[in-house]
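Reader: I have a new structure on my screen and would like to learn how to read its features. Could we go through them together?

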Amino acid sequence: MPPTFQDILEEARLSARALLDYGEHLFNPTVRLGVTGLSRAGKTVFITALVHGLIRGGRFPVFEPYASGRIARARLEPQPDDAVPRFAYEDHVRALTEERRWPNSTVDISELRLVIDYQRQNGADRTLTLDIVDYPGEWLLDLPLLDKTYEQWSAESLALSREKPRAHLAAAWHAALAGLDAEGREDEQATLAAAKLFTDYLRACRDERFAMSLLPPGRFLMPGNLAGSPALTFAPLDVPADGTAPSGSLWAMMVRRYEAYKDIVVRPFFRDHFARLDRQIVLVDALSAFNSGPEALHDLEAALAGILDCFRVGRSSFLANLFRPRIDRILFAATKADHLHHQSHDRLEAVLRRAVASAAGRAEASGAAIDVVALAAVRATREAMVARGRDRLPSILGTPAPGETAGGEAFDGNTEVATFPGDLPADAGTLFGGEDAFRGLSSTGAGESDFRFLRFRPPALERDGDGEPVLPHIRLDRALQFLIGDRLQ
Ligand code: GDP
């Protein structure tokens with residue numbers, strides 16, 4: 001396709017921005033770190049714990065510049081982008097450390113600037129600015145739409161919705177779809193109804209029980225200030241992937257709105273945020289996917305491949321000429337590892353590694369280094385060996401959040417319980433194989449109908465030698481080392 005006027009305009013804007021960023025970077029070394037993951041993956045908790053640890057002094061033995069004492073101090077500064085909300089760090093820390101509850105997660109993009117004074121290995125004093133950009137993973141999964149026509153997207157979305165277990169959830173929408181005449185006159189009411197049923201289907205897929213990950217367009221589930229606008233009121237039609245819409249038809253109306261969605265939502269996100277990132281961490285709630293069974297895990301695998309493809313968007317599309325992906329490190333992190341005994345942490349990493357493996361080669365080819373880690377940004381549990389009959393089982397101790405239930409018992413939020421989370425299989429492959437591998441992976445021991453891990457309250461606070469609060473974590477320092485360790489040499 002020859003570039004359109006819109007494309008050329010876009011190019012000009014992108015390169016102007018890149019120049020501006022480059023100029024600033026010369027005087028003031030800056031790393032823009034993207035933190036993403038699907039809703040509830042753990043972004044808010046991760047950023048809060050990371051910043052708290054750097055400002056107030058965490059325990060980070062594997063984060064070399066910190067452990068060797070070369071980081072003199074870290075402080076917050078006003079974030080540079082006027083149009084982006086600031087990450088509500090203070091509110092989130094207060095929730096975690098004073099109120100002992102998980103912070104409210106946000107559904108929008110936000111940003112925080114952290115300035116780190118450090119000493120280089122050769123002794124010179126330097127400053128690194130770390131701009132942390134928190135954005136919903138759902139937005140990232142929209143990027144591949146830039147390279148797809150409405151007809152291609154429709155065909156793919158329909159094919160996916162006919163697979164198990166989605167087909168069941170899509171029944172009402174499929175029924176309505178069968179009554180639509182794509183080539184008939186455009187019809188606002190029919191479009192509204194189809195968009196609503198399609199959105200209901202997407203939302204049902206997101207239900208905890210199914211934990212499906214691959215659900216573009218992302219803004220349908222998080223509309224924000226675009227709720228009800230035409231750009232969010234469209235749905236797939238059963239039309240040929242290479243067909244062309246007759247003018248004035250329902251189909252043509254859907255195409256128009258699909259293109260509006262790309263213009264209003266996807267392109268600005270790509271240009272203003274994604275294209276400016278240097279490093280990226282993708283948080284993945286793999287344990288929820290395990291709990292939901294092999295389909296959710298395969299779906300997660302497909303979503304991870306989709307995410308990795310995003311780092312190559314711009315290679316095959318109109319942006320190819322000017323946009324060399326700046327992102328040179330991508331870390332995939334399985335969050336909430338504190339729900340497992342440490343014996344299973346390496347196994348959790350292995351599962352994630354396997355899930356990204358097939359797609360990782362492609363992104364690496366584009367110049368980005370990729371790593372995988374299982375972490376808990378805030379560790380809410382302790383470990384203990386608990387006797388059960390003659391056996392001693394590796395168990396975890398934590399305080400279930402108020403209102404959590406297991407085996408018919410409701411918790412008050414003050415009682416600590418020991419649970420045996422079950423082991424992940426030593427061979428990651430078996431998790432992708434069938435239902436059997438999931439047996440025993442229920443933290444409550446309440447039976448197989450209970451697909452959820454217990455939600456624990458954040459931990460009671462620990463204090464370091466100076467009386468400063470310390471948030472316990474698992475492998476957060478390893479994540480830091482990979483993401484910025486090399487920039488603090
Ligand atoms: P976001 O939507 O990606 O910002 O997700 P949040 O950071 O708000 O996390 C969602 C929920 O996951 C929290 O309310 C906690 O219940 C849980 N969670 C997140 N991180 C951790 C962690 O490190 N350990 C534990 N035990 N739970 C976590």
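Author: Let us start with L180, which is in the loop between helix 8 and helix 9. Helices (DSSP runs of H or I with at least four residues) and strands (runs of E with at least two) are numbered from the N terminus. This is a predicted model, in which local features need pLDDT of at least 70 and side-chain atom pairs count only at pLDDT 80 or more, while totals for chains, interfaces and linings use all residues. Residues are numbered from 1 along each chain as its sequence is written, and side-chain values use heavy atoms, with hydrogens and water left out.

Reader: Is L180 buried, exposed or partly exposed, and how is that decided?

Author: Buried means under 20% relative accessible area, exposed means over 50%, and partly exposed is in between (1.4 Å probe, protein chains only). L180 has a relative accessible area of 23%, so it is partly exposed.

Reader: How far apart are the C-alpha atoms of L180 and D238?

Author: They are separated by 8.9 Å, while the two residues are 58 residues apart along the chain. L140 belongs to helix 5 (residues 137-140), and because its relative accessibility is 0%, L140 counts as buried.

Reader: What about A460 and P472: how far apart are they in space?

Author: Their C-alpha atoms are 9.7 Å apart, and in sequence they are 12 residues apart. A460 is in the loop between helix 14 (428-433) and strand 13 (462-463). With 47% relative accessibility, A460 counts as partly exposed.

Reader: Now the rings, please. How many aromatic pairs does a search of the whole structure find?

Author: The rule first: rings of Phe, Tyr and Trp (its six-membered ring) pair if their centres lie within 6.5 Å; planes under 30 degrees apart count as stacked, over 60 as edge-to-face and the rest as tilted. The search finds 19 aromatic pairs. One of them joins Y150 and W153, a tilted pair with 5.9 Å from centre to centre and 50 degrees between the planes.

Reader: Why are Y150 and W153 separated by about one helical turn?

Author: Because they are three residues apart in helix 6 (residues 150-161). Both Y150 and W153 are buried. W173 and F198 form a tilted pair too, at 5.0 Å centre to centre and with 55 degrees between the planes. W173 is in helix 8 (residues 171-178) and F198 in helix 9 (residues 188-206), so this pair ties together parts that are 25 residues apart in sequence. W173 counts as buried at 1% relative accessibility, and F198 counts as buried at 1% as well.

Reader: Which residues do ring pairs link into a cluster?

Author: The cluster holds Y150, W153, W173, F198, Y201, F220, F234, Y258 and Y261.

Reader: Which residue lies over the face of W139?

Author: That is R219, at 3.8 Å from the ring centre. A charge sits over a ring if NZ of Lys or CZ of Arg is within 6 Å of the ring centre and within 35 degrees of the ring normal. The charged end of R329 also sits over a ring, that of F482, 5.1 Å from its centre.

Reader: And the backbone? Where does P165 lie?

Author: P165 is in the loop between helix 6 and helix 7 (166-169). The peptide bond from K164 to P165 is cis, with omega near -5 degrees. For phi, look at R40, a residue other than glycine with a positive value near 75 degrees. R40 sits in the loop between strand 1 (30-37) and helix 2 (43-56), and at 53% relative accessibility it counts as exposed.

Reader: Which residues are the closest to the ligand?

Author: R40, K43, T44, V45 and D338 are the closest of the 18 residues that surround the ligand; a residue is near a molecule if one of its heavy atoms lies within 4 Å of it. A polar side-chain atom of T44 is 2.5 Å from a ligand oxygen atom, and one of K43 is 2.8 Å from a ligand oxygen atom.

Methods
Polar contact = N/O pair within 3.5 Å; in protein donor to acceptor, adjacent residues only side chain to side chain.
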